[in-house]
Amino acid sequence: MYGSDSVNEDSERTAFRKTEKKYKLYYDPNTKSSKRKKQPRPVDLSEVIDFKSISESFATNSDLPSGVSKFECHFDRPVFCLDDCSGFYFIPAALSIEEQCRLIKESLVSFPQPPNRTNHNAFYGAIPDLFDAAKDRRLLVEEEKIPGEDNSISVNVVRSHRWACSEELDPSLCGNTCKSISASVLLRKLRWSTLGLQFDWSKRSYNVSLPHNKIPDALCLLAKKMAAPAMSVGEEFQPEAAIVNYFGSGDMLGGHLDDMEADWSKPIVSMSLGCKAIFLLGGKSRNDEPLAMFLRSGDIVLMSGEARERFHGVPRVFTDTENAEIGALEKQFSGENDICYLEYIKTSRININIRQVF
């Protein structure tokens with residue numbers, strides 16, 4: 001995932017890594033029997049900052065815990081800050097349930113569409129209509145064709161992909177050889193997609209020459225509105241690129257810095273959708289112990305200025321019924337036409353983070 005580093009012996013000993021391991025999903029070894037469902041190992045969540053509770057308490061009696069302040073600005077909902085981290089803003093329940101559902105649908109259907117790139121591009125090239133193919137239980141068939149009549153010489157192999165139903169996998173219809181993988185597996189293995197200016201993961205830089213779709217106008221307007229608390233007076237956020245991360249059960253995003261944009265004073269606008277997660281905000285060194293906080297569906301985090309210089313990551317996503325906290329999404333996706341979205345989001349988290357590149 002974006003900016004995650006390989007784990008080595010030194011990083012295992014850092015304060016950030018120790019906290020990651022504290023909250024990471026581990027299963028109880030005593031429940032691995034085939035007759036019993038694996039149970040997550042209990043984790044102490046008493047030190048995790050809960051901005052939902054903070055917001056509710058503040059609305060009732062104007063109380064705030066030590067180290068947390070309410071940011072005074074002309075905004076239509078409460079914005080909270082951390083006293084020792086300039087440039088960090090947390091907006092609980094910033095997105096309406098309707099906005100959340102719309103963004104979940106777009107994240108699954110339209111955001112991964114070519115020419116936008118995904119993690120699948122490196123192995124399969126551009127894959128159109130992945131979500132619809134998964135819904136229809138189709139297979140992605142890779143065909144290898146050797147041109148010419150003499151197939152004894154394996155030269156100039158042509159590889160192509162197409163969607164197919166299982167009954168179409170007659171070898172006589174698949175060229176010389178064919179392999180297949182189900183669209184539902186590919187959907188579950190979707191880890192990121194990029195909107196707007198495309199990020200070159202191999203070079204860790206933006207490649208303006210890569211074809212791309214413009215960030216949708218509605219998402220641009222939403223990002224501009226939500227970025228306002230972190231912007232200087234008279235300035236407007238300019239959304240130019242976005243990275244959409246997809247998390248399943250057991251997935252995590254290792255500690256990293258988002259440092260590829262030109263101007264760190266401009267915020268990254270990070271939108272959470274789906275299952276609840278834990279977010280770690282550390283310091284400028286991995287040896288600084290990070291703060292842990294809950295991220296729920298609809299929450300927005302802004303990181304600008306000093307906050308951009310701090311390591312951060314997501315060590316845990318809660319996909320169990322007790323802790324996922326997606327009841328409102330389940331009600332909204334209860335219709336027959338939305339069951340496919342419900343099945344996905346019940347065990348997943350989506351994060352959309354929007355950047356001003358230049």
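In this predicted model, I350 is in contact, once its neighbours within four places in sequence are set aside, with I104, S107, L108, V244, N245, Y246, M271, S272, L273, Y344 and I345. I350 also belongs to the largest nonpolar core, which holds 77 residues, and together with F88, M271 and I352 it touches the most other members of that core.

**Nonpolar cores**
- In soluble globular proteins, nonpolar side chains tend to be buried together.

**Packing of α4 and α8**
- The axes of helix α4 (residues 97–109) and helix α8 (residues 217–227) come within 12 Å and cross at roughly 130°, which means that α4 is oblique to α8.
- The crossing in which α4 passes α8 is left-handed.
- Where the two helices meet, E99, R102 and L103 come from α4, while A218, L219 and L222 come from α8; by type, the residues of this contact are four nonpolar and two charged, with no polar ones.

**Backbone features in loops**
- P114 and P115 are joined by a cis peptide bond with an omega of about 10°, and P115 lies in the loop between α4 and α5 (121–124).
- A93, in the loop between β3 (85–91) and α4, has a positive phi near 50° although it is not glycine, and A93 is exposed, with a relative accessible area of 56%.
- D129, in the loop between α5 and α6 (130–135), is likewise a residue other than glycine with a positive phi, here about 55°, and D129 counts as partly exposed at 37% relative accessibility.

How values were computed: Residues numbered from 1 in each chain as written. Predicted model: local features only at pLDDT ≥ 70, side-chain atom pairs only at ≥ 80, totals over all residues. Heavy atoms only, no water. Axes fitted to C-alpha atoms, helices over the stretch in contact; angles between N-to-C directions. Helix = DSSP H or I, 4+ residues; strand = E, 2+ residues; numbered from the N terminus. Parallel < 35°, antiparallel > 145°, perpendicular 65-115°, else oblique. Left-handed = near helix turned anticlockwise from the far one by under 90°. Contact = heavy atoms within 4.5 Å. Nonpolar A, V, L, I, M, F, W, Y, C, P; charged D, E, K, R; others polar. Core = buried A, V, L, I, M, F, W, Y, C linked by side-chain atoms within 4.5 Å. Buried < 20%, exposed > 50% of the residue type's maximum accessible area, 1.4 Å probe, protein only.
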